[in-house]
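Subject: Structure handover

Hello,

Here is the structure I promised to pass on. Please open it alongside this note. My findings follow below.

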Protein chains: 2
Amino acid sequence: MRNLTILFGHMQARSGTRKAKRRRSNGDDTRPEHGTAVPAWGNALPSRSERAELKRNSIFREAARCFSRAGFHGTSMDDIAERLGVTKAALYRYVANKHDVLFATFNLAMDSSFANLDRGEKEGSNGLEKLRIALRGYLEDLIGKLGHPVVLLEDSALLPDQSRALIRRRDEAERRFRKLVKEGIEDGSIAPCDPKLAVFALLGAINWVPKWYRDDGEWTAVQVSESLVNLVTRSIAAHPYPHRADERGGGK
Amino acid sequence: MRNLTILFGHMQARSGTRKAKRRRSNGDDTRPEHGTAVPAWGNALPSRSERAELKRNSIFREAARCFSRAGFHGTSMDDIAERLGVTKAALYRYVANKHDVLFATFNLAMDSSFANLDRGEKEGSNGLEKLRIALRGYLEDLIGKLGHPVVLLEDSALLPDQSRALIRRRDEAERRFRKLVKEGIEDGSIAPCDPKLAVFALLGAINWVPKWYRDDGEWTAVQVSESLVNLVTRSIAAHPYPHRADERGGGK
DNA sequence: CTGCGAAGTTACTCATGAGTTACAGAGTTG
DNA sequence: CAACTCTGTAACTCATGAGTAACTTCGCAG
């Protein structure tokens with residue numbers, strides 16, 4: 001029936017009718033790798049386990065896209081497999097079950113969240129700047145490499161243990177965002193407001209982006225992230241800057 | 001097994017073990033209603049068809065809550081029925097199928113959207129005020145009487161025809177919101193910005209509220225709506241007001 | 001009290017989708 | 001080339017959930 005045999009992400013895949021194999025010359029072949037000898041090409045090529053890891057990631061990325069569009073329960077493992085050009089059973093070589101996929105998807109988003117909070121706290125000169133750096137980086141990841149997960153939208157689909165673990169991470173992230181808001185209020189960069197409400201509003205606007213952002217649209221992920229974070233953080237800025245009306249100001 | 005027999009929303013329900021029937025004295029009895037005679041109590045009591053309509057609405061409301069929490073596919077008709085104290089089959093007396101429920105849920109939200117746009121356009125003194133009235137009313141409905149639907153989140157779960165119809169309404173609503181932003185820019189109440197992006201951001205923050213708002217929380221729906229809309233519209237206000245830091249400013 | 005319709009219930013059917021199992025080909029190693 | 005491993009496929013099992021069918025029970029008109 002369906003014999004797509006599209007490359008598994010950017011991976012190899014073989015099956016019935018095979019074609020379009022090995023596009024670029026990153027040939028997954030001629031390489032020893034198990035003899036503990038020096039790897040050919042000086043580690044420039046992915047090892048077996050690295051390839052597996054890459055495949056896992058492409059599963060998560062594609063799953064995130066599907067979940068974002070159709071929801072967890074609205075997406076079948078067959079759907080994900082088909083978009084990767086393989087069969088469902090192949091996925092189970094890399095993931096234990098569907099819940100794990102969702103869990104991983106969410107966790108990747110949380111990883112991004114924490115990483116960008118770290119960066120913001122390090123690089124920002126005041127509360128507002130720290131917050132903006134963190135939010136911008138997070139949003140870039142969300143609609144860039146993470147494949148548009150609508151984060152924490154279907155947390156109820158997780159298994160109880162996973163759910164607890166995730167909620168804990170999410171709360172911790174929200175707490176750190178609120179801390180930045182408070183810091184901004186104290187250093188005068190952010191206008192007095194309720195940090196809890198502010199963070200909900202900011203994250204709401206940001207987490208909503210995957211619902212309307214299109215990869216093939218007129219804006220890049222970086223442009224959207226920059227513009228949107230500029231826009232939303234102005235709501236709490238102590239000294240609101242004017243919007244750069246040029247960034248497509250006046251709209252289409 | 002499960003013989004709850006809780007009242008169907010605020011309706012009557014009868015079945016196996018019956019109890020707690022007819023609490024208040026709104027007795028659904030002593031009333032002619034089919035003889036074309038003057039209805040007793042002067043139409044103060046709901047007629048048969050009105051009761052059916054009320055039940056339909058309580059289905060939609062409860063469904064909205066479930067869909068919002070677990071997603072369309074993650075919610076079974078049994079779930080909805082159980083929370084209403086009836087069995088699944090009873091629901092099918094009032095709705096044709098599950099898609100219809102989702103469609104109705106979305107449409108109620110869109111109805112609110114349009115109604116509040118009308119009101120905003122009528123009552124607001126400038127673009128910003130019109131926008132704020134519309135958004136506030138919409139959000140109040142969303143987390144108030146509509147039962148927290150996360151709107152348009154699973155539009156892909158709709159049947160093609162429904163989806164088209166809904167997307168059309170949604171686009172029309174977004175267009176009207178954008179129009180208010182443009183109007184505000186022209187009359188000087190809103191700072192120059194990209195209306196499209198601004199509306200996405202505003203609606204994102206608002207549509208996200210059902211994800212964190214709790215009926216039993218410390219804030220009422222009206223308070224949240226007021227505060228949140230104040231907060232988010234400041235992002236595009238030409239002359240940003242300070243936040244009323246008292247509304248739980250510095251919050252817990 | 002009889003008969004009828006409105007509003008539920010219980011007990012099904014039947015498709016879909018998660019996860020498994022048995023098998024197959026490619027490439028490597030001896 | 002035989003044996004073995006890695007990676008995938010085809011073809012299942014089996015639970016769940018949408019929708020239906022055949023009852024039951026109540027309210028009420030004659």
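Is the crossing of α5(B) and α8(B) left-handed or right-handed? The crossing of α5(B) and α8(B) is right-handed. A crossing is called left-handed if the near helix is turned anticlockwise from the far one by less than a right angle, and right-handed if clockwise.

First, the ground rules. This is a predicted model, where local features need pLDDT of at least 70, side-chain atom pairs count only at pLDDT 80 or more, and totals for chains, interfaces and linings use all residues. Residues are numbered from 1 along each chain as its sequence is written, while chains are lettered from A and ligands numbered from 1 in the order in which they are written.

**Chain A overall**

Chain A has eight helices and zero strands. Helices (H or I, at least four residues) and strands (E, at least two) are DSSP runs, numbered from the N terminus. Of its 252 residues, 39% count as buried. Buried means 20 or more other C-beta atoms within 10 Å of the residue's own, exposed means 12 or fewer, and partly exposed lies in between; C-beta atoms are placed from the backbone. Now take contacts in chain A between residues at least 6 apart in sequence: 66% join residues at least 24 apart. A contact needs C-beta atoms, placed from the backbone, within 7 Å.

**α1 and α4 in chain A**

α1(A) and α4(A) (residues 98-123) pack at about 95 degrees, with axes 9 Å apart. Axes are lines fitted to C-alpha atoms, for helices over the stretch in contact, and angles run from 0 to 180 degrees between N-to-C directions. The two helices are therefore roughly perpendicular (65 to 115 degrees; under 35 is roughly parallel, over 145 roughly antiparallel, the rest oblique). From α1(A) come Ile59(A), Phe60(A), Ala63(A), Ala64(A) and Phe67(A), which meet residues of α4(A) including Val101(A) and Leu108(A). That contact has nine nonpolar residues, one polar and no charged. Nonpolar covers Ala, Val, Leu, Ile, Met, Phe, Trp, Tyr, Cys and Pro; charged covers Asp, Glu, Lys and Arg; the others, Gly among them, are polar.

Leu54(A) sits in α1(A). It counts as partly exposed because it has 15 C-beta neighbours inside 10 Å. Leu54(A) and Ala238(A) are 184 residues apart in sequence and 44 Å apart in space, C-alpha to C-alpha. Gly188(A) lies in the loop between α6 and α7 of chain A. With 12 C-beta neighbours inside 10 Å, Gly188(A) counts as exposed. Its C-alpha is 6.7 Å from that of Ala238(A), 50 residues away along the chain.

**α5 and α8 in chain B**

Back to the opening pair. The axes of α5(B) (residues 127-143) and α8(B) come within 9 Å and cross at roughly 145 degrees. Among the residues in contact are Leu128(B) and Arg132(B) of α5(B), and Val224(B) and Glu226(B) of α8(B). The contact divides into ten nonpolar, two polar and four charged residues.

**Where the chains meet**

Chain B gives 40 residues to the contact and chain A gives 40. On the chain B side, α1, α7 and α8 each give two or more. α7(B) has the largest share, twelve residues. By class, that side has 21 nonpolar, twelve polar and seven charged residues.

A rotation of 180 degrees with 0.0 Å of shift along its axis superposes chain B on chain A, at an RMSD of 0.1 Å. The same surface serves both: 98% of the contact residues of chain B recur in chain A.

Best wishes

Terms used: Contact = placed C-beta atoms within 7 Å. Least-squares fit on C-alpha atoms with pLDDT ≥ 70 in both.
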